[in-house]
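User: I'd like to go through the side-chain pairings here. Can you walk me through them?

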Amino acid sequence: MLHELLLALLGFTGDLIVDEREQRKTLGLDSPLSDECTFKLAPDISFIEPSERDLIERLIKLGFYYRELDRFTKKSRNLSWIRSVNSVHPLQRADELSKQSGEKKPSVYRRAIANGIGEILSVYRSAVLHIEQKLLAETPPILATVTQGLNKFFVLFPPLYEVILEIERDDIRGGQLLNVLNKRCHCGVPELRACLQRLLWHGHQVMYNQLAAWMVYGILQDPHGEFFIKRQEDGVLDNRSSQEELSEKLARTSVHETSLTDWHSGFHISLDMLPDYIPMRLGESILFAGKAIRVLRNPSPAFQFQKDKSFQQTMRGSQRIRGFMHSDFPERETELDADLTGEELLPQSEADKIEAMLKDLKESSEFHKRSFECTVDSVRAIAASHLWQLVVVRADLNGHLKALKDYFLLEKGDFFQCFLEESRQLMRLPPRQSTGEADLMVPFQLAATKTIGEEDKYFSRVSLRMPSFGVTVRSSQADLARSKVSLTGKVSLTSETSVDGWDAIALEYSVDWPMQLFFTQEVLSKYLKVFQYLIRLKRTQMELEKSWASVMHQDHMDFAQHRKDGTNGSISQQRRQGIRPMWRVREHMAFLIRNLQFYIQVDVIESQWKVLQAHIHDSQDFTELVGFHQEYLSALISQSFLDIGAVSRILDSIMKLCLQFCWNIENHESNPNTSELENIAEEFNKKSNSLYTILRSSKLAGSQRAPFLRRFLLRLNFNSFYEATTRGLLNVVRQRPALPL
């Protein structure tokens, strides 16, 4: 009876102690999991007293719990799936095999927890063996000795069994498993708390190994989808019906494309697997650090394998703009990029430092949230600093920002003035659908030849684009992986959305690795939005000046001809007297356009540029730079009123009226009818006063535009002309509804 009791404590039943599950199995009623103990004394045993029966049934519950825990341990530690994986296609994962076989997916975290439970079970077996040796050597009371030797396990085994029941019934894995153990660690029983903390420690070992692979080497080591960092395309890959299709896709994807895709949208945080005690902020820091390490350890092949100048020129040549001014990159840049390797971008000493910090966390017996946060923040700071070094110092971020400011924010005013003058007659006619871009390329080349010097190495990255009529040029995620990032964006040429066909003029800026990490498609589309607005404004301002100059030139010629011929010039003089009120309208137009242009170029662009430069000078963190640059672009768009539909529509209509006015007044000699000019002037007065009314509204006065907006309004209304005119219009047109803000 003694040995049968001891065997039952180790999960083996017999004639004295039976397992009710085996009886149900013979009847076909077996259930894999049971909430209650199924070990019972045989009902036909009559020589045991009721008190002893109760004590024995209490003891054999430990045997039931031991058997179930041991079953869970053996099942979770089973590594037979490794042989299955090695015998199939390498792209077919272990979880797919388990689905095909009808079994649950394997779990590294469960295996780690099973190792911890195995340690507890080994202590339990040693205790049973010690009791057996003690009972064989002496003759103490059997049940009392067994109870006294195993008393502490009555506190441990029932909660542990509840844990494995919850794990198996809900199929808990990964970070969810850590959550379950962490919650159960908050108990008032010291022995049970120490036991559960040991299991949690085993689970954290797996997490720390995954963190080390991700934050030291940039490798996502997660074969069963249990880590809280996941690949974005995992769901797409799992749903593929053909492994051949997946193989073809991987073969078509280059290393460079994969690197950019991974940075922008390749990885994300799985909230299901993120433990509750790890804040989302830390999860994002871990995600960023791993992506940064991947970039630093795997530089672009264009940087990594350019060993000689001829090979580099071949690579660079594929990224130059089409058409003209094919200038080679400086020799200094060639020498810098030729020897660039992952070892230089992330020194081994830094990688060892990160690994040592994670090793300290791994060796700690308890999880300390504060230490974990400090370590993650330190690793993130190291990765951000080296990424900053790569982008700002090696890739010359400030040079690219200055180039974008020169060409997309019209800093090089002489170049665009020359370009608009050379293309002025061309833009008087509608653009031709097939040759619009080629037609513009000629004045663009002439302007570059006259104003752009050879020392401007960034101009070779700029090219002119003119999207076709009725065609929407869409930007896709795949464009980010190309060596040239298109800046045409989405442009639909309709009469409702543009002043005329030439408003679709766009610039393209060629960006090499690693600047594509900083200048995303979204960022470049914002630059394009501001550029198209500014070039339209500058074109309007130039037309207003040219119209005055051309008419004055014609007037002087008429006067000279009158003096030379001695003819009566009263007819031409009457014509000039009739058109003179229109010159006041032209001056009002020029006044508004000049002040708007000065406001945007000086009060908005220059002031925000100085703020951005100060941030770049003070910061050595890549993520901070990205944030500062986003704020810079948002301020440009916001303070230029491009995010206010009512204001942008009024400005577009004002510029359209100005152009129509200029073209009509220059043709006034051949078409003396002034009714159309008067209609344009009347419409301009309404639009300009509506603009002033909206800009001085209380809604805009309390926004971030307020400081410089007040200066702009002061320039416009320095003599209270706009205010008086607006009041007069409101009194006259009181019956009309107010303009929407």
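**Side-chain pairings**

Analyst: Let's start with Lys405 and Glu411, whose side chains meet in a salt bridge at 2.7 Å, N to O. A salt bridge here is a side-chain nitrogen of Lys or Arg within 4 Å of a carboxyl oxygen of Asp or Glu. Keep in mind that this is a predicted model, where local features need pLDDT of at least 70 and side-chain atom pairs count only at pLDDT 80 or more, while totals for chains, interfaces and linings use all residues. Residues are numbered from 1 along each chain as its sequence is written, and side-chain values use heavy atoms, with hydrogens and water left out.

User: Is Lys405 buried or exposed?

Analyst: Buried means under 20% relative accessible area, exposed over 50%, and partly exposed in between (1.4 Å probe, protein chains only). Lys405 comes out at 3% relative accessibility, so Lys405 counts as buried.

User: Which ring does the charged end of Lys405 sit over?

Analyst: A charge sits over a ring if NZ of Lys or CZ of Arg is within 6 Å of the ring centre and within 35 degrees of the ring normal. For Lys405 the distance to the ring centre is 5.2 Å, and the ring belongs to Trp609.

User: How many residues apart in sequence are Asp621 and Arg380?

Analyst: Their side chains meet in a salt bridge at 3.1 Å, N to O. Asp621 lies in the loop between helix H26 (570-618) and helix H27 (622-639), and Arg380 lies in helix H20 (residues 369-394), so the pair ties together parts whose separation in sequence is 241 residues. Helices are DSSP runs (H or I, at least four residues), numbered from the N terminus.

User: Why is the pair of Tyr124 and Phe153 called edge-to-face?

Analyst: Rings of Phe, Tyr and Trp (its six-membered ring) pair if their centres lie within 6.5 Å; planes under 30 degrees apart count as stacked, over 60 as edge-to-face and the rest as tilted. The whole structure has 26 aromatic pairs. In this one the ring centres are 5.0 Å apart, and the pair is edge-to-face because the planes stand at 85 degrees.

User: Which helices hold Tyr124 and Phe153?

Analyst: Tyr124 is buried at 0% relative accessibility, and Phe153 is buried at 1%. The two residues sit in helix H6 (residues 108-137) and helix H8 (residues 153-170), respectively.

User: Which residues does Gly174 contact, leaving aside its neighbours within four places in sequence?

Analyst: Gly174 is in helix H9 (residues 174-184) and is buried, with a relative accessible area of 0%. With contact meaning heavy atoms within 4.5 Å, the partners are Tyr109, Glu226 and Met273.
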